[in-house]
Amino acid sequence: MSARTLNRVMSFGISDLALEFVLGYVDDPRDREAVSLVCKKWYQIDALSRKHVTIAICYSTSPGRLRRRFPNLESLQLKGKPRAAMFNLIPEDWGGYVGPWIREIAEAFNCLKSLHLRRMIVKDEDIRVLVKARGHMLESLKLDKCSGLSTDGLLLVARSCRFTGIWIGSVGLYYFSLVEFGNQVFGFDIWLIHLEPHGPSPAHDLFLAKVGSDRGDYGLDSGEIGCLRILSLEESSISGNDAKWIHELAVNNSVLETLNFYMTELRVAPEDLELLAKNCRSLVSLKISECDISYLISFFLIATKLEEFGGGSFNDQVGDLDKYMKIQFPPKLCCVGLIFMGKNEMEILFPFAAALKKLDLQYTFLSTEDHCQLIQRCPNLEVLEVRDVIGDRGLEVVAQTCKKLRRLRIERGDDDQGLEDEQGCVSQAGLSSLAQGCLELEYLAVYVSDITNAALECLGTYSKNLCDFRLVLLDREQRITDLPLDNGVRALLKGCAKIRRFALYLRPGGLSDVGLGYIGQYSNNVRWILMGNIGESDRGLLRFSQGCPRLQKLELRSCCFTERALAMAALRLPSLRYLWVQGYVASPFGNDLLLMARAFWNIEFIPPKHDVNETEDRRGNIESQAQILAYYSLAGKRVDCPDSVIPLHPA
Amino acid sequence: MARGDTMVEHDFFQIEKLKAASFRAADGKSAARSRIQSVVSRINPQLLRSVIAPGATEMPPEKAALLLSSSSQPPHPVTILNPSIRSVAEISNETAPLTIFYNGSMAVFDLPRDKAETIMKLVETANDGSSSDQRKGGIRLPEELDGGKIQELPPMARRKSLQRFIAKRKQRLTVAGPYAKEKAVPKR
């Protein structure tokens with residue numbers, strides 16, 4: 001044994017080829033990271049075989065670096081603006097331009113089939129470049145909370161689907177004749193091969209082969225080649241008023257499975273949706289912008305495979321509710337979220353409520369009682385999203401009925417109490433019932449009006465599967481039953497050992513320095529933490545930073561910590577790679593922030609805006625407070641900062 | 001004296017003059033002070049006294065009137081957390097006289113800016129939420145007054161998607177009218 005040398009070149013006796021095969025089964029990014037750290041050879045094999053990468057902040061690396069390391073990527077997810085952008089706290093021009101990435105993708109990423117952009121700025125020109133280079137291969141394009149593009153860009157995407165195709169294996173069943181040749185679009189030659197089975201061929205039997213300079217490259221193999229199956233634009237800001245792109249998509253695409261433009265202002269024509277349903281027989285999920293549901297009666301009859309539908313709207317005129325009752329939903333529909341649905345209309349869900357797995361009631365007009373009536377018919381619910389109008393009573397019903405519930409989101413309703421149901425607030429009573437009733441809960445995000453330590457302890461006792469917990473204490477009630485929440489938070493974190501994402505937004509007095517220390521002490525697995533209005537002093541933050549061994553991303557809002565403490569905490573947290581702060585005690589000249597300056601640590605500062613209207617308009621212009629953003633980066637200082645963002649380090 | 005039946009009033013202590021001056025000043029200078037004046041008259045004085053008790057001093061009207069003119073810069077209502085302002089306030093902690101007219105009596109209290117604003121807030125919520133008072137049985141003191149430091153907290157931010165929904169709902173209800181809550185007229 002003493003003569004044994006760790007001969008890593010041979011990789012412990014495993015050949016390179018074998019290693020590649022084995023690693024092909026290793027998908028988890030953390031496992032992959034571990035693999036890449038073993039030795040250079042393993043690093044190389046991982047690099048060449050890595051299929052998917054998620055870049056949490058696009059400025060942490062450069063497109064070139066990504067390409068040099070992972071040239072064969074098939075799937076890429078890029079995130080731009082800080083999470084706070086979803087709450088209107090980040091200036092629109094902050095950054096997150098996808099342009100440089102698209103150019104690199106067009107040039108070098110020859111295997112890329114799936115692109116997911118989140119909170120980025122995507123322009124029509126970027127889409128043009130992407131589609132030209134990768135349109136024939138793109139299977140999934142998700143523009144999630146993006147901005148900067150128009151319906152012209154969408155038209156380009158829709159037209160690129162003309163090049164859809166499926167290779168078939170047994171040529172003998174089909175004969176093919178050349179219909180078009182040399183159709184030069186987007187710069188490469190295409191053959192359009194029209195295949196006819198034994199009968200007349202509907203539009204979706206249009207097949208295509210892509211040829212480059214080597215026609216022999218593409219044999220008749222079974223499988224799909226680069227055609228858009230997933231197109232998602234959820235919550236993106238897209239300008240333009242025409243619905244041509246949907247029509248083009250319906251005409252050109254035959255394999256679309258998911259189309260999502262939920263929470264956008266895009267216009268949609270029911271006829272185009274019907275055409276889409278006719279041509280895309282695999283359509284499984286459709287989420288649209290606002291369009292009266294009664295116009296979709298035909299659509300629902302055609303889209304027989306539909307499992308998920310979201311959006312639409314109800315615009316019932318006085319005494320004309322019958323038109324909604326005529327709707328026959330597809331037989332497999334189990335995920336539903338209808339906008340502006342009211343008490344009278346919710347009955348259309350009753351016939352299949354028992355089959356519902358996902359229900360989104362965030363944008364409905366239902367009262368507390370309505371929620372109870374509906375949810376008690378849904379014993380198979382796994383995902384539920386509501387506003388706090390559901391109330392404690394509604395949560396009781398959830399606890400009794402929805403035993404399979406995995407994800408629950410309870411959003412914040414209108415502050416104007418006249419518009420929301422009087423019973424519409426969630427408190428410790430509802431949470432305790434929920435914890436005891438829904439033992440499968442993995443994700444819980446809730447806005448509460450009142451809370452106690454006991455409720456959190458209850459969650460710690462029962463919700464053993466909890467991975468993601470977010471609690472926000474609304475400022476509706478002046479007095480909260482039981483503050484500070486130190487002991488409850490401790491019990492929750494101790495009991496729910498699987499928690500990886502944790503958010504706690506309270507009010508002054510909500511969590512003491514001791515409580516903050518508990519969070520640090522008992523957050524062994526937590527990767528992301530958001531905290532607001534917690535702690536009493538710097539001491540709390542420093543205690544917190546002694547723990548949280550795996551904390552990668554920290555967001556703090558409206559806390560009483562000094563720059564100095566923030567800097568010290570950032571230096572001390574061992575896994576921290578991203579820090580966002582808004583609302584803190586600034587040092588006179590901002591010097592203390594630079595205490596955390598170090599190599600590869602970008603520090604950006606967004607100074608408060610001094611708007612004349614600031615003090616009068618309490619609701620608007622929340623952006624006016626100073627923000628700090630710091631993150632590890634291998635790409636150096638940002639070069640595309642707007643005036644509102646000041647890079648402090650590197651200087 | 002023998003001028004017929006005309007009554008002459010002599011303002012020996014110049015109270016009227018100072019009062020007039022203070023009203024003029026209120027318009028120009030301190031939106032806050034005039035706000036307090038109009039709103040405080042509706043608050044329960046016992047409650048107010050119990051809140052401000054530690055710093056309370058009661059003075060005879062004449063002295064109070066004189067003090068009116070000599071008070072320092074009134075608090076500027078800062079509704080958004082500005083770090084630079086906060087650090088200054090923490091260091092200096094200056095107090096200014098707060099004068100309250102109620103039910104024919106006047107009281108002056110020496111208060112730091114943050115406490116003064118809490119009282120303003122308290123009074124406003126007491127005024128606006130009078131119906132909710134009845135439900136909850138009286139005004140609850142804001143948490144901050146129990147020894148803690150008052151902070152001007154940034155308003156809780158709302159998710160964009162919900163913000164849009166709430167705005168749209170308000171729009172629909174406005175269109176439909178206050179009596180047709182569920183049946184909104186479609187806008188085409």
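**Notes on the predicted two-chain model**

1. UniProt, in an unreviewed entry, places the feature "domain: COI1 F-box" at residues 13-52 of chain A; such annotations may be inferred rather than shown by experiment. The end C-alpha atoms of residues 13-52 of chain A lie 28 Å apart, and the span is 65% helix and 2% strand. Helices (H or I, at least four residues) and strands (E, at least two) are DSSP runs, numbered from the N terminus.

2. A quick word on conventions: this is a predicted model, where local features need pLDDT of at least 70, side-chain atom pairs count only at pLDDT 80 or more, and totals for chains, interfaces and linings use all residues. Residues are numbered from 1 along each chain as written, chains are lettered from A and ligands numbered from 1 in the order written, and side-chain values use heavy atoms, without hydrogens or water.

3. Do look at helix α12 (residues 368-375) and helix α13 (residues 391-401) of chain A, whose axes (lines fitted to C-alpha atoms over the stretch in contact) come within 8 Å and cross at roughly 5°. The pair is therefore roughly parallel (angles under 35 degrees, on a scale from 0 to 180 degrees between N-to-C directions).

4. In chain A, the α12 residues A:Thr368, A:Glu369, A:Cys372 and A:Ile375 contact α13 residues including A:Arg393, A:Val397 and A:Val398; contact means heavy atoms within 4.5 Å.

5. Chain B has eight helices and three strands, running α-α-α-β-α-α-β-β-α-α-α from the N terminus. Of its 188 residues, 37% are buried (under 20% relative accessible area, 1.4 Å probe, protein chains only).

Definitions and conventions: Angles under 35 degrees count as roughly parallel, over 145 as roughly antiparallel, 65 to 115 as roughly perpendicular and the rest as oblique. Buried means under 20% relative accessible area, exposed over 50%, partly exposed in between (1.4 Å probe, protein chains only).
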